[in-house]
Amino acid sequence: MKFDSIKSRLVLMTLICVIGMAMLVISQHYFTQRLIGLNQQRDALLRMGQDLLQMRRHEKDFLLRHGTDYFDKFLQQSYLFKGRLTTLVPMFNEYRLPVAHVESLSASMEAYSGVFQQVVSLQERIGLTQNDGLRGRISELEKVLNEGALSQDPLSRELLTNIQLATRNYQITQEGYYAKLMNEMTERLVADYRNSSALDESLIQYREALLQLVDAFTTFGVTHNEGLRGEFRQSAHNVETQLKGVDTALKPMIEQQEGQVRIYSLSIAALTSIVLIL
C-alpha cells in the first residue's frame, strides 16, 4: 500500500491512534491493578491501627473493671490484627520493601499480647473481685481470726483491726507505707503469741497471704511505669511505633506507582503525537 494518498494517510493515522490508545489502556490497567493492591494493603494498615485502638480500649477496660470478657475481646482483636499483618508479607517481598519492619511488628505484637496475658493472670491471682484470689483468701482468714481466740484479747483485737485497716488502705492505694505497716503489725502479732495457745495456723496463713499480696502488687506495678504495667505499656507503644514504620515504608511505594502512571501516560501520548506529526 502506498502512503502518498489522503486515504492511506488517514488509515495510517488511525492505526497509529489505535495502537497508542491500546498501549495507554494496557499501561493504565497494569498500573491501576498495582495501585489497587497497594491501596488495599494501605487500607489493611488503617484497619490494623483501628484494631490496635480497640485492643488498647479493652486493655484499659480490664485494668479498670477486671472483667475477663475484656481479655477475650482483646484476644479476638489481636487475632484480626495478626491476620491482616500476614497479608503484608507477600506485598513487601514483591516490591522489595524491608520485610524486617513486618517481622518486628509481628514480634512486638506477640510481646504485647504475652505481657497482657501475664497481667491478666496476675490480676486473677490478686483477685478479680473482693471474693476471689488473694483478696478473697485474706477476707476469709480475717473472718476466722475475728471469731477466734485472738479476738478475745483487747490488745490483739485492736492490733487485728489496725492490720485490716492497713490492708484495706493498701489495696486501694498500693502505697509502701501501708505495706510496711501490715508487715510490722503482723510480725508483732505473731511474735506476741508465738508461745501462746492462741496462736493458730490461721494467723500464720494470714501473714503469708498479706506478704503474697504485697509481692503481687509490686510485680504488677505500683504506678503505670513500673512492673508489668510499665512493661505492658511500653510494649503497646512499640507496636504503635512499628505500625507507623510499616505505613511509612509503604507510602513512598504508592507515590512512586502513581508517578509512573503519569509518566507512562504522558510518554505514550507524546510518542503517539510525534509519530502522527511525522
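Just after helix H8, Gly221 takes a positive phi of about 115°. Welcome to a predicted model, in which local features need pLDDT of at least 70 and side-chain atom pairs count only at pLDDT 80 or more, while totals for chains, interfaces and linings use all residues. Residues are numbered from 1 along each chain as its sequence is written, and side-chain values use heavy atoms, leaving out hydrogens and water.

**Helix H8**

- Helices here are DSSP runs (H or I, at least four residues), numbered from the N terminus.
- H8 covers residues 201-220, and its end C-alpha atoms are 28 Å apart, which agrees with the 28 Å that its 20 residues should span at 1.5 Å a residue; the expected span is 1.5 Å times one less than the number of residues.
- Among the buried residues of H8 are Leu203, Tyr206, Leu210, Phe217 and Phe220; buried means under 20% relative accessible area, exposed over 50%, and partly exposed in between (1.4 Å probe, protein chains only).

**The nonpolar core**

- A nonpolar core is a set of buried Ala, Val, Leu, Ile, Met, Phe, Trp, Tyr and Cys residues joined through side-chain atoms within 4.5 Å.
- The largest one has 62 residues, and Phe81, Leu88, Phe92 and Tyr112 have the most contacts inside it.
- Helix H4 (residues 99-126) gives the most to this core, with 11 residues.
- Leaving aside neighbours within four places in sequence, Tyr112 is in contact (heavy atoms within 4.5 Å) with residues including Leu52, Met55, Phe74, Phe232 and Val239.

**Salt bridges**

- A salt bridge is a side-chain nitrogen of Lys or Arg within 4 Å of a carboxyl oxygen of Asp or Glu, and the count comes to 10.
- Glu240 and Arg56 meet in one of them, at 3.1 Å from N to O.
- Glu240 lies in helix H9 (residues 227-277) and Arg56 in helix H1, so this pair ties together parts that are 184 residues apart in sequence.
- Arg56 counts as buried at 11% relative accessibility, whereas Glu240 counts as partly exposed at 28%.
- Arg56, Glu59, Lys60 and Glu240 are linked in a network of salt bridges.
- Glu110 forms a salt bridge with Lys82, the closest N and O atoms being 3.3 Å apart.
- That pair links distant parts of the chain, with Glu110 in helix H4 and Lys82 in helix H2 (residues 68-86), 28 residues apart.
- Glu140 and Arg137 also meet in a salt bridge, at 3.8 Å from N to O; both lie in helix H5 (residues 133-146), three residues apart, about one turn of the helix.

Note on methods: Helix = DSSP H or I, 4+ residues; strand = E, 2+ residues; numbered from the N terminus.
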